[in-house]
Amino acid sequence: MNTHKASLAVLTALMAFLTVCGNATAAEADKGTQPSGASVSQDALDAASERIRQTGAQIKADIQAMREARRQRAALEAKQEAERKREAERAREQAKRDAEELAQVKEAKKRQAMEAALAQARKDAEERAAKAERERLAAIEAQRALEAKLAKELAAKEKAYKEAAGNKLGQEINYGVDI
């Protein structure tokens, strides 16, 4: 708008100047000091008038160009703002995808850790079961060994009893007698 006001001011000044010049030329023509000056003055006025018209047309063209430049700048700013919004939206979507991907990775790692913990727990349980089985088998083996030992001792006692069964109580020679 400053250019528009300045253009109007220049146009007004030119018109005032030409009006004053035209009045001065007309005054000289009335005095009769220069008889051929009136035709020259008319030509000068016509030339000045033409220059004013050209200047006015140039000012209008400049104003129109300025309006067009403002319109283009506004369109460019709107386009840039829309591009910034699209870029911000793309960045938000990318951040959302990255967050989801990170959550999936964390979930996968958590799942793998749980599976590894379960596998370790199964392995530990199997080892404990195998150890318990070995201890049970060792206890059974020890029980069998003890039973075998007791069976041998019992067999030895029975053998000794059978051998001693031939000597009945009271039939022994030295039994109950103290000589």
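1. Let's begin with a term. A salt bridge here is a side-chain nitrogen of Lys or Arg within 4 Å of a carboxyl oxygen of Asp or Glu. Please keep in mind that this is a predicted model.

2. Now the overall picture. The chain has two helices and zero strands. Of its 179 residues, 6% are buried. The chain exposes about 15,300 Å², and 58% of that area is supplied by carbon and sulfur atoms.

3. How many salt bridges does a search of the whole structure find? The search finds nine. The next points look at some of them.

4. Start with Glu68 and Arg71. Their side chains meet in a salt bridge, with 2.3 Å from N to O. Where do Glu68 and Arg71 lie? Both are in helix 2, which covers residues 37-165. They are three residues apart, about one turn of the helix.

5. Arg71, with a relative accessible area of 47%, is partly exposed.

6. Next, look at Glu133 and Arg136. The closest N and O atoms of this salt bridge are 2.6 Å apart. Glu133 and Arg136 are separated by about one helical turn because they are three residues apart in helix 2. Glu133 is partly exposed, at a relative accessible area of 33%, and Arg136 is partly exposed, at 41%.

7. Some salt bridges share partners. Which residues do they join into one network? The network is made of Glu83, Arg86, Glu87 and Arg90. Within this group, Glu83 forms a salt bridge with Arg90, and their closest N and O atoms are 3.5 Å apart. Glu83 counts as partly exposed at 34% relative accessibility. Arg90 is partly exposed too, with a relative accessible area of 38%.

Key. Residues are numbered from 1 along each chain as its sequence is written. This is a predicted model: local features need pLDDT of at least 70, side-chain atom pairs count only at pLDDT 80 or more; totals for chains, interfaces and linings use all residues. Side-chain values use heavy atoms; hydrogens and water are left out. Helices (H or I, at least four residues) and strands (E, at least two) are DSSP runs, numbered from the N terminus. Buried means under 20% relative accessible area, exposed over 50%, partly exposed in between (1.4 Å probe, protein chains only). Accessible areas come from the Shrake-Rupley method with a 1.4 Å probe; for residues, only the protein chains shown count as cover.
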